[in-house]
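Let's explore a protein chain together, one question at a time. Keep the picture in view as you read.

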Amino acid sequence: MKERNYGIELLRLVLMFMVCMLHILGQGGVLNAYEAGTAQYKLFYLLATIAYPAVDAFALITGYYAKDRPPKYQRLLDLWLQVFFYSCFVTLFFVLTGIAEPLDFEILLESLFPITSNQYWYFSCYFGAFFFFYPARLLVAQLSETSAKKLLTVMFVLFSLMGLTQDTFRLNKGYSMAWLIVLYTAGLLARKCRIFEKTKTRKLVCICILCVVITWLMLVTTDRTMLLNYTSPTIAVCGLLLVILFSRCKLNGKVIGKLSPCAFGIYLFQLNPIVWNNLQGAAVERLSPDIGMALLQIMAFSAILFLCGLAVDFIRQRLFDLLRIPKATKWFYEEASKLFDKRLTHS
C-alpha cells in the first residue's frame, strides 16, 4: 500500500481556504465595492490573485496523483450522494429549523438534481470529465518522457496561451468540463515527464510569486482581467507549482489525514443555495474602513466559512457511516455492474 502524501492532503485544505477567500471577496461583494486605483482595490485584488490558482491546483492533483488502474465508478456515486446531501438535506435543514426563509419551489426542485442545475458547477463539470480520465491515463502511459514534455507544452500553448486573446476552444475561462479534462491530463503529463523535479524549491517559490505579481500588475495597471481567470497561463502555472511544492513536504499528520477528506465538502457547503445567497454582499457590509482591519476581517470571514464547512462535512461523514451508506453504495455498484455485464454478454 502506497504511503499517503500528507503534503498533498494539507494542500487540499489550503486550497479550500483559498476558495473560501475567493468567495468572500467575490460573492461577498468586496471586489466590486472599491474604485480602481484605490489602496483597497489593489490589496483585495492581490488577495484574489493569490487565491485564484486554487481551483486549477485542485484539478491538477487528481491527474498528478492518478493511479494506474481503471477508475472506480463507485466514486462518482459516492460524490453524487455527498453533493445531494448539501443540495437537498442541508437546504431542508436550514428551512425547517427557521435559519432561512422557505425557498421558491423552483429552487427546491433544482436541489433534487444537483448535476443538471449546475449549482455546484465544479461537480457538474467533474461528473462529465470523469469518463475521459481513464482514456487520458492510457494515452499518457504509452508516452515517453520526451513525448510527454512535448504534449504538455502543446497543451499549454493551445489551451492557456491562446486563450489570452480568444476563447477558441470554448473553455469559458475554466468553468467547463473541457478545462477540467485539460488540467487532469496536464497533471498526468507533469508527473510523467517529472517537470521541475530537479528545480530547487526556492526557485519554484520565486516563479510562483512572479506569476502572482505579473497577474496582479496587469490588473491594477491596465484594469484588464485577461490574466485573472482559471485558463490564464500565470494562474495555471502557479496551480501546478503549488502541487509540486506541497508534494515535497514531508509531513506526518494524523489530524491532516482525518480532515483532508472533508475538503470537497467545504466547497459544497459554500455553494449551497441558502449559504450562497446569504453570502451575497455580506462581507463588504461588515468591512472596517481601516484597510488593515479590513484585511484581518476578510481572513477571519474566510476562516469562519472554512470551519463551518469543515464541521458540517465531518458530521456528514459520521452520519453516512452510521447509516452505512458507503457499504450500501458499494453493494449497489457491484450489483449494477453485474447486471450491466450480463446485459452486454447477452446482447
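Here are some questions and answers about the fold and its charged pairs.

This is a predicted model, where local features need pLDDT of at least 70 and side-chain atom pairs count only at pLDDT 80 or more, while totals for chains, interfaces and linings use all residues. Residues are numbered from 1 along each chain as its sequence is written, and side-chain values use heavy atoms, leaving out hydrogens and water.

Q: How many helices does the chain have?
A: Helices here are DSSP runs of H or I with at least four residues, and strands are runs of E with at least two, numbered from the N terminus. The chain has zero strands, and its helices number 16.

Q: Which residue forms a salt bridge with Arg-194?
A: A salt bridge is a side-chain nitrogen of Lys or Arg within 4 Å of a carboxyl oxygen of Asp or Glu. For Arg-194, the closest N and O atoms of the pair are 2.8 Å apart, and the partner is Glu-145. The two sit 49 residues apart, with Arg-194 in the loop between helix 8 (177–192) and helix 9 (201–222), and the partner in helix 7 is Glu-145.

Q: Is Asp-313 buried or exposed?
A: Buried means under 20% relative accessible area, exposed over 50%, and partly exposed in between (1.4 Å probe, protein chains only). Asp-313 forms a salt bridge with Arg-316, their closest N and O atoms being 2.8 Å apart. Like Arg-316, Asp-313 is buried.
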